[in-house]
Every structure is written in C-alpha cells, then in structure tokens.
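Colleague: Could you take me through this structure and tell me what stands behind each label you use?

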Amino acid sequence: ARYQDKSFEGSSLASIAKTMKQGYMGSGASGSADESSTPLLILARSNLLQIGSLGIEYADNQPVPENAPNFLLDIFLAPVYAVLPRGLFDFKPLSNLGSWYRIEVMKILWGNTSIAMGPFTYLYFAGGALAVALGFFFIGITQRAVTDVFLISPKAGAAIPLLILLPGLVVIDSSFYSIIINLVRFLPAALLLQYFIYRK
C-alpha cells in the first residue's frame, strides 16, 4: 500500500491498522479471512525476487547512469570504510541504495522511502553474473571458515565470536559490501570480548 497507493497515510496509526486488516481479509470485500493468505502475504513481503528482477532487467537494457552508487568499488573499499570515520572522510557512501533504486529503477518519485534490491541485484549491478557467482562464493568460503574456526572448536569461548558473526553471514543485506564491513568491525571486537570473558 505504501508503494502503490498515493493516498496511503504512513504516519496515521488508524490508516496502518485499516490497511493491515484489509490485507488480512484479502480484497476486503468478502468479509471473511482466507487463512492460507496470511503465510503467503508474509512470504511475499520477505521475497525480493520480483523487486530484484526489475533491477536486473534495468541493468541489461541500459547503461548504469552516472548518479548510480559505485557498486563494485564499494565492495573493494569496504575494509577501508569499516575503519575510517565518516566525519573525517566524506567520500564514504551514505548507504542510500534503496532510495536510488526506488527513484531510478522503479520510477517511484513520490514518497520518502527506500526499497531493498537484494544482494543478487546489487552484485549484478557490480559486474553481472560473474560478480553474483564470485560474491556468493566469497560468502560460502567465509561461512565455512567461520564454522571451522568457531563452531567446531572444542573451546567454549568460541561460541561468542560465532554468535556475533553469524547474523551478518546468514542474513545478507542489499548493500553487499556491508558484509565485509561487519566482518572487519565485529571479528576483532568479538575476539576481544571472548578474551576478556574467558581469560584465566
């Protein structure tokens, strides 16, 4: 409703509740809830396939405009972004990918919101199918390394870094480079925390 209905009032609690009720009731005309629609609605909300496919089609049919984020460069500069403070280095990206995607790809000019493109689309903008393959190969290698080092470890303290790193490696953000930023930031912090908790 927020993306498709221009009259939707996103700041009104009554309007949000009414829209949620209509969504649960299906079309809102029958007056009886379709029990199978609720799980499907939840799955549809978390599915980026349709929204992400628009970006892939966009990248295939026209050159990426000059105002686009530096998809590939941001991946390589992610370790630098992780340690440099934004206040001192204004070249760091503002992570406004969703806003750019909404305006440039989906052509939704009204409203002040962001639309997630998904990691596949991000990598496709960065370098096509090869970038998608290499990006998820990197994720697989990283997941395997974290599993081998922390999950299989006989030491009890290994659970701390595992639990800190796991969310960022399982839920992959639309801005793919944020995975690298989280690894560079959280791994030393997790090891330091492990050291102080389990020191002799």
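Modeller: Here is a short talk through the labels and the values behind them.

Modeller: This is a predicted model, in which local features need pLDDT of at least 70, side-chain atom pairs count only at pLDDT 80 or more, and totals for chains, interfaces and linings use all residues. Residues are numbered from 1 along each chain as its sequence is written, and side-chain values use heavy atoms, with hydrogens and water left out.

Colleague: How do you know that the length of helix H3 agrees with its number of residues?

Modeller: The expected span is 1.5 Å times one less than the number of residues. Helix H3 (residues 49–61) has 13 residues and should therefore span 18 Å; its end C-alpha atoms are 18 Å apart, which agrees.

Colleague: Which residues of H3 are called buried, and which are exposed?

Modeller: Buried means under 20% relative accessible area, exposed over 50%, and partly exposed in between (1.4 Å probe, protein chains only). In H3, the buried residues are Ile51, Gly52, Gly55 and Tyr58. They cover an arc of only 110° around the axis, so they sit on the same side of H3; the arc is that of the directions from the helix axis to the C-beta atoms. Leu49, Gln50 and Asn61 are exposed on the other side of H3.

Colleague: Why would residues a few places apart point the same way?

Modeller: An α-helix has 3.6 residues a turn, so residues three or four places apart point the same way.

Colleague: And what covers the buried residues of H3?

Modeller: The cover includes helix H5 (97–105) and helix H6 (119–151), judged by contact (heavy atoms within 4.5 Å).

Colleague: What makes H5 count as largely enclosed?

Modeller: Seven of the nine residues of H5 are buried, so the rest of the structure largely encloses H5. They are Leu97, Gly98, Trp100, Tyr101, Arg102, Glu104 and Val105, and they pack against H3, helix H4 (71–83) and H6.

Colleague: Why is the pair Glu104 and Lys107 called a salt bridge?

Modeller: A salt bridge is a side-chain nitrogen of Lys or Arg within 4 Å of a carboxyl oxygen of Asp or Glu. The closest N and O atoms of Glu104 and Lys107 are 3.9 Å apart, so the pair qualifies. Glu104 has a relative accessible area of 17% and is therefore buried, whereas Lys107, at 53%, is exposed.

Colleague: How many salt bridges does a search of the whole structure find?

Modeller: The search finds two. Arg144 forms one with Asp148, with the closest N and O atoms 3.0 Å apart. Both residues lie in helix H6, four residues apart, about one turn of the helix. At 55% relative accessible area Arg144 is exposed, while Asp148, at 37%, is partly exposed.

Colleague: Why is Gly127 called partly exposed?

Modeller: Gly127 has 42% relative accessibility, so it falls in the partly exposed class. Gly127 lies in helix H6, and its C-alpha atom is separated by 8.4 Å from that of Phe71, 56 residues apart along the chain.

Colleague: What about Ile16: which class does it belong to, and what is it in contact with?

Modeller: Ile16, in helix H1 (residues 13–24), has 29% relative accessibility and therefore counts as partly exposed. Leaving aside neighbours within four places in sequence, Ile16 is in contact with Phe8, Glu9 and Gly10.

Colleague: Last one: what makes the nonpolar surface patch a patch?

Modeller: Patches are made of residues with over 30% relative accessible area and no salt bridge: like charges are joined within 9 Å, nonpolar side chains (Val, Leu, Ile, Met, Phe, Trp, Tyr) within 5 Å. Ile164, Phe186, Leu193, Ile197 and Tyr198 make a nonpolar patch of about 450 Å². Helix H8 (residues 177–198) gives the largest share, four residues. Leu193, in helix H8, is partly exposed because its relative accessible area is 38%.

Notes
Helix = DSSP H or I, 4+ residues; strand = E, 2+ residues; numbered from the N terminus. Areas by Shrake-Rupley, 256 points an atom, 1.4 Å probe, with all protein chains shown as cover.
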